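Let's take a friendly walk through this model together, starting with the secondary structure and ending at the ligand. Keep the viewer open and follow along.

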Amino acid sequence: MCDQSLGFGLKEKYQSLDDVDVTVLKTIELEEKRIGIAPLEYLETKRKISYSSLMNSIKKLLDLKLIRSENTSFYGYKVTYAGLDVLALDFYFKRNIISDIGDRINTGKESDIYISILSTGEKSIIKFHREGRVSFRAIKRKRSYNTKNMRSWLHLAERIAKKEYVILGDIWKNGGLVPTPIAYNRHSIIMSKIDGVELYKLKMTDIRTIFNVINDVVKTLTIAYKQVKIIHGDVNQYNILVSNEQIPKGYIIDWPQYVPVEHRDAERLLRRDIEYLASYLHKKFGLDLDREEVLKKIKGGS
Ligand SMILES: Nc1ncnc2c1ncn2[C@@H]1O[C@H](COP(=O)(O)OP(=O)(O)OP(=O)(O)O)[C@@H](O)[C@H]1O
Ligand SMILES: [Mg+2]
C-alpha cells in the first residue's frame, strides 16, 4: 500500500483535502468525543453523501494518517493528532486568521510548534498540544488538571490549549512579558513569535542583557503572582526566551501547568521555580541570585 502520509507536511495534508473529506473528518471527531469512537454504520447513516464518496474520504483520511481504524466493540474510526491539527488549521484558514503555515520549528514531548503567517502578514507560531502523546493516564496523574468529565485525550488537549490561551491573555493584559495570544482552536493556540533564543543558548558576552532578562523574568512572575494570582510551576532555561530586540527582553513561555496561588503546593512550586532559575544562573554565569529576596519581591510586588 502506498503511504501517502510520507513526505507530506501538515500544510500538504490540509491542502489535499476537499470539503467532503473535511466534513467526514469533523463528523468522526464529533462522534469520537460523544461516544469514544465513530462507528462506520453511524457515518453511513449520518452524512448526506453517497456511500462511495464516504468510502473514498475514509480511505484518503486513513492514508494521510488523519484517522485510524479500531475494531473493539464496534468497527470504527478515531481522529489522530494530525487529524486534529488539520481541523484546527481549517478553522484558522477559513476565518482568515492565518494566510500560511510554514515549518515545524520544535517538537517537544508535549507540543509541536509551527511557524504561521497571520493575515496581517506578521509571523506567529501555532502550538499544537500533544499531552496524550505520552500517556493519557500518566498526564492525569502528573498534572493538576481537573479531569472530571474528560473521557478522552481530545477533551484533555483542548482543555489545556484553552487554559494556556486564557492565562497568556491575563498575564499579557497586565503587562507581563509573554507571547501575545492571538487565537485558539481545539488543541492549539496561535501566539506572537518571539524572535530570539532560549536562555540556555545565551552566551556570557553581555552581562547587561543577562541582568535585563532576570529583571524581566522576575517582573513577569510578580505580575503572575500579584495580578493574575498564579505560579508558573516550570520556570527553566528552555521556557525563557531572550528576544533579539535592540534591548533584549526576557519572555516566559509554556504556562499550561500553572497553579493558583491558593493551591496547597503553590509556595513549594514558587520556591522551586526560583531555585531552578538561581542555580542555573549560578552554574552558567556564576551569578548569585538572592532566593529570599526574589521570593519577597514576587510575593510583595515591590
Ligand atoms: N511564542 C514563541 N516564539 C518563539 N518560539 C517559541 C514560542 N513558543 C514556543 N517556542 C519554541 O518552542 C519550544 C517549545 O515550546 P513550549 O515550551 O511552549 O512547549 P513544551 O510543551 O514545553 O515543549 P517541550 O516538551 O519541548 O518542553 C520553546 O522552547 C521555543 O523554542
Ligand atoms: Mg517548554
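This is a predicted model: local features need pLDDT of at least 70, side-chain atom pairs count only at pLDDT 80 or more; totals for chains, interfaces and linings use all residues.

Helices here are DSSP runs of H or I with at least four residues, strands are runs of E with at least two, and both are numbered from the N terminus.

Now step back to α4 itself. This helix covers residues 51–63, which makes 13 residues, and spans 18 Å from its first C-alpha to its last, close to the 18 Å expected at 1.5 Å a residue. Which of its residues are buried? They are Ser57, Ile58, Lys60 and Leu61. Looking down the axis of α4, you will find these buried residues within an arc of 165°, so they line one face of the helix. Turned away from that buried side is a face with the exposed residues Tyr51, Ser52 and Lys59. The cover over the buried residues of α4 includes the helix α2 (19–35) together with the strands β2 (67–71) and β3 (75–79).

One of those covering elements, α2, deserves a look of its own. It has 17 residues and reaches 24 Å from first C-alpha to last, close to the 24 Å expected at 1.5 Å a residue. Its buried residues are Val24, Leu25, Ile28, Glu29, Glu31 and Glu32. Just after α2 comes glycine 36, with a positive phi of about 95°.

Next, zoom out to the whole chain. The domain assignment gives domain 1 (10–83), domain 2 (95–192) and domain 3 (196–300). Between domain 2 and domain 3, the C-alpha centres lie 21 Å apart. Contacts link 15 residues of domain 2 with 17 residues of domain 3. On the domain 2 side, the touching residues divide by class into seven nonpolar, four polar and four charged.

That brings us to the ligand. Where does ligand 1 lie relative to domain 2 and domain 3? Both domain 2 (95–192) and domain 3 (196–300) contribute residues to its shell, so ligand 1 lies between them. In total, 18 residues surround ligand 1, and the closest are Asn106, Gly108, Ser111, Pro179 and Asp254. The elements that give two or more residues to this shell are β5 (111–118) and β6 (123–129). By class, the shell around ligand 1 holds eight nonpolar, four polar and six charged residues.

Notes. Residues are numbered from 1 along each chain as its sequence is written. Chains are lettered from A and ligands numbered from 1 in the order in which they are written. A residue is near a molecule or strand if its C-beta atom, placed from the backbone, lies within 6 Å of it. Ala, Val, Leu, Ile, Met, Phe, Trp, Tyr, Cys and Pro count as nonpolar, Asp, Glu, Lys and Arg as charged, and the others, Gly among them, as polar. Domain bounds come from an automatic or database domain assignment. Two residues are in contact if their C-beta atoms, placed from the backbone, lie within 7 Å. The expected span of a helix is 1.5 Å times one less than its number of residues. A residue is buried if 20 or more other C-beta atoms lie within 10 Å of its own, exposed if 12 or fewer, and partly exposed in between; C-beta atoms are placed from the backbone. The arc is that of the directions from the helix axis to the C-beta atoms.
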